Each structure stands twice: as structure tokens, then as C-alpha cells.
Amino acid sequence: MNVTEVRLAGGAQGFNWLPVFVAEDKGLFDKHGLKIDYMRLGSVDKATSAVRDGTADLAITPPEGAVSDYISGGGLRIIAANSLRLPMSLVARPEIGSIAELRGKRIGTSSLTEGTAIYTQAMLQPEGLSHPGDYEFVLAGVHTTRWAALQRDEIDCAPQPAPWNFLAERHGYRLIGEVNDVIPEVVFAAIIGTGAWTSQNRDTVQRLVAALAEAHDIVNDPANDAVTLPIYQRIATPDEPELAAKGLAYTRDMGMWPQGLVVAPAALEATTDLMVRAGLLAPELRATAAGVLDPSFVPAG
């Protein structure tokens with residue numbers, strides 16, 4: 001079998017890339033004749049843009065950029081789901097005890113229009129806090145740089161994934177809300193590509209999806225923790241085995257990684273609903289936005 005290289009982009013390529021790194025370590029990409037060129041771009045916006053401008057073939061990234069591009073007549077499509085849960089807490093400085101106390105505060109996110117910015121707005125709206133006006137978003141980068149920004153007092157709060165939420169709690173910061181309580185199912189990270197590239201490289205995409213589906217099965221079975229946990233620890237908290245074990249259990253028990261990479265309809269509807277609530281998608285385009293999904297690479301959810 002000829003080996004095909006795939007340029008795969010992402011922001012942090014952190015904990016939610018666990019199945020990718022399991023596939024790498026277990027030789028699943030080799031098995032399917034693939035070589036992955038990992039493009040770690042530092043922000044989810046850059047990952048989306050890289051696919052759109054052709055410097056990357058595919059990306060694992062929040063789906064909102066692809067939805068907006070599709071609505072604008074662009075070529076980006078969602079072809080599969082990488083993760084459908086948000087294992088994430090709102091982490092606040094020690095003197096902040098509730099979401100209501102975030103009025104006038106600085107909240108660090110990885111984007112001003114995708115992912116963490118939208119989830120944060122959904123969590124604060126029920127408390128009567130709206131953006132813009134009641135709080136400030138600060139572009140603080142991915143979770144590792146948000147944690148550094150919190151420690152330098154450059155921001156007051158940030159949505160932080162496991163196990164960095166537990167790490168912050170250990171350092172005296174407060175977990176003032178669980179994102180999963182407000183948004184129980186959503187396309188957290190999707191595999192996106194342009195319709196032109198995926199149609200021209202259909203066999204390659206199918207082999208990639210097959211390799212990742214095998215990896216999802218490995219990650220979702222606790223019997224495989226001897227394989228999975230060391231990889232999770234390596235990409236999450238290399239020097240903190242207890243935090244890594246806690247984080248892996250937290251994410252898996254939540255049902256983060258979908259079997260077969262299926263995009264659950266309810267999850268995609270939640271994504272578009274959040275975009276409407278955040279003012280990123282006109283309400284009358286909600287149904288149209290569902291067309292961003294190309295269901296030809298994974299079975300129907």
C-alpha cells in the first residue's frame with residue numbers, strides 16, 4: 001500500500017487529540033497507509049484558516065468556523081466528529097466565588113468567535129451577563145497559555161479543560177461552573193476539510209476515519225488504560241500521573257469520544273443554536289447550517 005501524507009492542523013493538539021496520538025502510537029495510521037504531518041498552529045482560528053487556504057488538508061478543531069464559512073458560500077465541510085462533550089470548568093481567581101461575580105471581569109479564551117468564547121457566553125447568559133457590555137474577552141490562547149495568563153493575573157477567569165481545571169483547583173483557584181452542565185452535547189471538535197479536497201481524496205479520508213474510529217474504540221474501553229493513560233499523561237500533565245488519571249476518567253465517563261466519529265444530530269443542532277445565541281449565525285439560517293455536514297464519510301448518527 002502506498003503511504004499517503006495528510007497535513008492535519010489543530011490549535012493546541014492537546015487532550016482532545018488523544019485518539020489521534022493513540023492511533024499514532026498503536027501504528028493505526030501505518031496500518032491504513034497514512035503518514036500524518038502534525039501542524040500545531042496555536043489557535044483554533046488558524047487551524048480553520050489553514051484548511052480554508054489549502055496549507056492544511058484537514059483540521060481537528062471547533063466547528064463554528066466551518067459553519068460560518070459554509071453559510072458564506074465557502075468550501076469548508078464537517079466530515080466527522082472528534083469529540084462531542086465539553087470536559088471543561090470555568091476556572092476563576094480565588095477571590096471570585098460565582099459566575100455572577102464575573103461582571104466587569106476579564107475572561108481568557110482561545111478565540112473571540114469560536115469554541116471557548118461561545119461556551120462562556122452560554123454559561124454567563126443565564127446569570128444575566130451578556131457580551132459585550134458585562135465582561136471582557138481576552139484572546140489568551142490555548143489552555144496552557146490561559147493557565148499561564150491566570151497565574152500572571154492577566155485574566156480573571158478562563159474555561160479550562162480537564163485536567164488543567166483540577167490543576168488550577170489544587171493551586172487555590174475556584175471551579176465556578178461546569179460547561180457540561182449547561183451544554184451537555186455539542187460538537188466540541190470536528191474533522192473539517194474543504195469539499196474540493198475531500199472529494200478528490202475520498203480514499204485517504206476514509207482511511208483516516210477508519211484509523212481514528214479504531215483509536216476511539218481503544219480510548220473508550222477502560223481495559224486499555226495501560227495503553228491510553230500514559231499517552232494522555234504525556235500530552236496533558238507529564239509530571240502529574242494522578243491528575244492525568246483523574247482527567248482521563250472525567251472525559252471518558254462524560255462520553256467525549258463518539259463511536260465511529262459519528263456527528264450526532266443533537267450535537268450539531270446544539271452547535272448552531274449556540275452560534276445563534278452568540279450572534280454568530282442568523283436565526284433564519286439555523287436549518288441551512290446543517291448542510292455543512294458531509295455525512296458520506298461516517299454512518300448517520
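Arg 252 is buried in this predicted model, at a relative accessible area of 12% (buried means under 20%, exposed over 50% and partly exposed in between, with a 1.4 Å probe and protein chains only). The residue belongs to helix α12, which covers residues 241–253; helices are DSSP runs of H or I with at least four residues, strands are runs of E with at least two, and both are numbered from the N terminus. Leaving aside residues up to four places away in sequence, Arg 252 touches Val 219, Asn 220, Asp 221, Pro 222, Asp 225 and Trp 257, where contact means heavy atoms within 4.5 Å.

As for the basis of these values, residues are numbered from 1 along each chain as its sequence is written, and side-chain values use heavy atoms, without hydrogens and water. Because the model is predicted, local features need pLDDT of at least 70 and side-chain atom pairs count only at pLDDT 80 or more, while totals for chains, interfaces and linings use all residues.

Asp 25 is partly exposed, with a relative accessible area of 44%.

Turning to another helix pair, α5 (residues 116–124) and α13 (residues 265–277) pack at about 75 degrees with their axes 10 Å apart; axes are lines fitted to C-alpha atoms over the stretch in contact, and angles run from 0 to 180 degrees between N-to-C directions. The two helices are therefore roughly perpendicular, a label for angles of 65 to 115 degrees. Ile 118, Tyr 119 and Ala 122 of α5 meet Leu 274, Met 275 and Arg 277 of α13.

One cavity of 30 Å³ or more is found in the whole structure; a cavity is a set of points on a 1 Å grid over the protein atoms alone where a 1.4 Å probe fits but cannot get out, and lining residues have an atom within 4 Å of a point. The largest cavity has a volume of about 270 Å³, volume being the space filled by probe spheres set on the points. Its lining comprises 22 residues, with Ala 12, Asn 16, Val 44, His 143 and Phe 188 nearest the centre. Two or more lining residues come from each of β3 (58–61), α5 and α6 (143–151).

How values were computed. Angles under 35 degrees count as roughly parallel, over 145 as roughly antiparallel, 65 to 115 as roughly perpendicular and the rest as oblique. On a 1 Å grid over the protein atoms alone, a cavity is a set of points where a 1.4 Å probe fits but cannot get out, and a pocket is an open set with protein on both sides within 12 Å along at least five of seven lines; lining residues have an atom within 4 Å of a point.
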